[in-house]
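Thanks for making time this morning. I would like to walk you through one chain, so please have the sequence and the model open as I talk.

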Amino acid sequence: METLSMWNLSPDDRYPWERRDDESGPAWLAFKAYRDMGPARSQAKLMAQGFPGTVADWSRKYFWVHRAQQYDHHGERLRLQSQSDAVEEARALLVDHVMELMKELIAIALGEKEATPGQVAALNSALDRAGLKPVEKVELQERKVFASLLITDEQYEDYLEQMHGGAADPATGPMAEA
């Protein structure tokens, strides 16, 4: 008697839902129709399609239920793998796009490139939606550099306190122009 362990296949073997060597032509055609019905399959539906009443015997003899389940599981694995591949591809494209944007923002921040008014507006809009504030000027080693740094409201208040001697208004702090 065959057991279900016979389905541990090597890469050279057939899948369980393929035709078996001992399966007759009519039994194979009936199994294909049964297998292709999907999870809602039944022998009654198969007989309603005109297959003979021997499908119950064939089903037991050739392990149709198990083979059809294996076919369904395989199809689901392929679907999930395809979905996973699509998500990974989209993630990789997003990472590439973000890296290009980061390079452009760094070039703008270092003064190597000028930001267009549209870019500044889009960045400020994105910061506003994220609940972040732009810091427009940063003094770095005696050199003023235009930068839009992402900081929280609390970090912005700390920045103002540190850079402007506690003054809430940057115009009155130590960086204010005389």
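Predicted model: local features only at pLDDT ≥ 70, side-chain atom pairs only at ≥ 80, totals over all residues.

Residues are numbered from 1 along each chain as its sequence is written, and side-chain values use heavy atoms, with hydrogens and water left out.

The chain has six helices and two strands, where helices are DSSP runs of H or I with at least four residues and strands are runs of E with at least two, numbered from the N terminus. Read from the N terminus, the order of the elements is α-α-α-α-α-β-β-α. Of the 178 residues in the chain, 21% are buried; buried means under 20% relative accessible area, exposed means over 50%, and partly exposed is in between, with a 1.4 Å probe and protein chains only.

Which residues of the largest nonpolar core touch the most other members? A nonpolar core here is a set of buried Ala, Val, Leu, Ile, Met, Phe, Trp, Tyr and Cys residues joined through side-chain atoms within 4.5 Å. This core has 13 residues, and those touching the most other members are Ala-30, Phe-31, Tyr-34, Leu-46, Val-55, Trp-58 and Trp-64. Helices α1 (25–35), α3 and α4 each supply at least two residues of the core, and α1 gives the most, with six. Beyond its neighbours within four places in sequence, Trp-58 is in contact, meaning heavy atoms within 4.5 Å, with Pro-26, Ala-27, Ala-30, Pro-52, Phe-63 and Trp-64.

Let us turn to α4, which covers residues 64–109. With its 46 residues, α4 reaches 66 Å from its first C-alpha to its last, close to the 68 Å expected at 1.5 Å a residue, the expected span being 1.5 Å times one less than the number of residues. Buried residues in α4 are Trp-64, His-66, Arg-67, Ala-68, His-74, Ala-107 and Ile-108. By contrast, Leu-105 is partly exposed at 38% relative accessibility, and Leu-105 belongs to a nonpolar surface patch together with Leu-94, Val-98, Met-102, Ile-106 and Leu-110. After α4 comes Gly-111, whose phi is positive, near 80 degrees.

Finally, the structure holds eight salt bridges, each being a side-chain nitrogen of Lys or Arg within 4 Å of a carboxyl oxygen of Asp or Glu. One of them joins the side chains of Asp-72 and Arg-41, at 2.8 Å from N to O. Because Asp-72 lies in helix α4 and Arg-41 in the loop between α1 and α2 (43–48), this pair ties together parts that are 31 residues apart in sequence. Arg-41 counts as buried at 13% relative accessibility, whereas Asp-72 is partly exposed at 23%. Another salt bridge pairs Arg-91 with Glu-88, the closest N and O atoms being 2.8 Å apart; these two are three residues apart in α4, and so are separated by about one helical turn.

Technical notes:
Patch = residues over 30% accessible without salt bridge, like charges linked within 9 Å, V, L, I, M, F, W, Y side chains within 5 Å. Areas by Shrake-Rupley, 256 points an atom, 1.4 Å probe, with all protein chains shown as cover.
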